[in-house]
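These are my notes from an afternoon with one model. I wrote down what I looked up, in the order I looked it up.

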Amino acid sequence: VRERVTAYVPGEASPGVKIDEAALETLKKGKTSVHSKVINLGMSLLRDIEERADEEPYLIPLEERVKAILEKYEDRQLTTEAALVELEQQTRVRLEARRERERSGLDVGDFAVYWALKQAGIADAESVAREMGATMKRFPDHPHNPEEMRLLKSEIYKVLLPLVGQSRMVEIADQILDVRRA
């Protein structure tokens, strides 16, 4: 058996690349295996997010989604093609966030709120984010002061309730507070 059997070890993943439209197109047209494309795109996207997470906290939920995709792929719960499609979709979300950030003129904290609202499907997310940003500035010690946190949540709930209903209000408020804490 040993004389007739050989083992194949796939090549190493290539170093990460800058995430942009050109890189995504190059990846699609590249001659590497689909498996390599999944690994390279996933690792490049994670590296890009990790390098910018301090300045762009709205990327943290995206990082969690990319890690979940890679974990499902590793556990064989996703096919290679499905993983690649999902990673390409998350890359497009990352690129859209970059464009929206540049276009909006919002500060990082308000943009993090805007992005969470937009991902939740809230209409006119930008004006709602500006309103919530002003509200958060009224409670600057909310991360350390339970009373301020309670009052801030109350104000956020008042804004969200008519927009998303009671069933989604708490979940979206928690997402907003999470990205603002980061």
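Is Thr135 buried or exposed? Thr135 is buried, with a relative accessible area of 9%. I use "buried" for under 20% relative accessible area, "exposed" for over 50% and "partly exposed" for in between, with a 1.4 Å probe and protein chains only.

**Entry 1: ground rules.** I note that this is a predicted model, where local features need pLDDT of at least 70, side-chain atom pairs count only at pLDDT 80 or more, and totals for chains, interfaces and linings use all residues. Residues are numbered from 1 along each chain as its sequence is written, and side-chain values use heavy atoms, with hydrogens and water left out.

**Entry 2: around Thr135.** I placed Thr135 in helix H6. Helices here are DSSP runs (H or I, at least four residues), numbered from the N terminus. I then listed its contacts, meaning heavy atoms within 4.5 Å. With neighbours within four places in sequence left aside, Thr135 is in contact with Leu152 and Glu155.

**Entry 3: helix H7.** Next I looked at H7, which runs over residues 146-164 and has 19 residues. From first C-alpha to last, H7 reaches 25 Å, close to the 27 Å expected at 1.5 Å a residue. The expected span is 1.5 Å times one less than the number of residues.

I found a kink of about 25° at Lys158, shortly before the proline Pro162. The bend is the angle between axes fitted to the seven residues ending at a residue and the seven starting there.

At the start of H7, a side-chain oxygen of Asn145 comes within 2.9 Å of the backbone nitrogen of Glu147. After H7 comes Gly165, with a positive phi near 85°.

I listed the buried residues of H7: Glu148, Met149, Leu152, Ile156, Val159, Leu160 and Val164. An α-helix has 3.6 residues a turn, so residues three or four places apart point the same way. The cover over the buried residues of H7 includes helix H5 (108-119), helix H6 (125-138) and helix H8 (166-181).

**Entry 4: the core.** I looked up the largest nonpolar core and found 50 residues in it. Such a core is a set of buried Ala, Val, Leu, Ile, Met, Phe, Trp, Tyr and Cys residues joined through side-chain atoms within 4.5 Å. In soluble globular proteins, nonpolar side chains tend to be buried together.

Which residues have the most contacts inside this core? They are Leu117, Met132, Ile156, Leu160, Ile172 and Ile176. Helices H1 (21-29), H2, H3, H4, H5, H6, H7 and H8 each give two or more residues to the core. The largest share, seven residues, comes from H5.

I checked Ile176 by itself. Not counting residues up to four places away in sequence, Ile176 touches Val113, Ala116, Leu117, Met132, Met136 and Leu160.

**Entry 5: salt bridges.** I counted a salt bridge when a side-chain nitrogen of Lys or Arg is within 4 Å of a carboxyl oxygen of Asp or Glu. The count comes to 17.

One of them joins Asp48 and Arg98 at 3.7 Å, N to O. Asp48 lies in helix H2 (residues 34-52) and Arg98 in helix H4 (residues 80-104), so the pair ties together parts that are 50 residues apart in sequence. Both residues of the pair, Asp48 and Arg98, are buried.

Glu56 and Arg94 form another salt bridge, with the closest N and O atoms 3.6 Å apart. Glu56 is in the loop between H2 and helix H3 (60-74), while Arg94 is in helix H4, 38 residues apart. Glu56 is buried at 13% relative accessibility, and Arg94 is buried at 0%. A network of salt bridges links Asp48, Glu51, Arg52, Glu56, Arg94 and Arg98.

**Entry 6: Tyr58.** Where is Tyr58? I found Tyr58 in the loop between H2 and H3, buried at 3% relative accessibility. Leaving aside neighbours within four places in sequence, the contacts of Tyr58 include Arg94, Phe111, Trp115 and Val179. Tyr58 and Phe111 are 53 residues apart in sequence and 7.6 Å apart in space, C-alpha to C-alpha.

**Entry 7: two loop residues.** Arg76, in the loop between H3 and H4, has a positive phi of about 65° although it is not a glycine. Arg76 is exposed, at 76%. Asp124, in the loop between H5 and H6, also is not a glycine and has a positive phi of about 55°. Asp124 counts as exposed at 55% relative accessibility.

Note on methods
A polar contact is a pair of N or O atoms within 3.5 Å; within protein, one must be able to donate a hydrogen and the other to accept it, and residues adjacent in sequence count only if both atoms are side-chain atoms.
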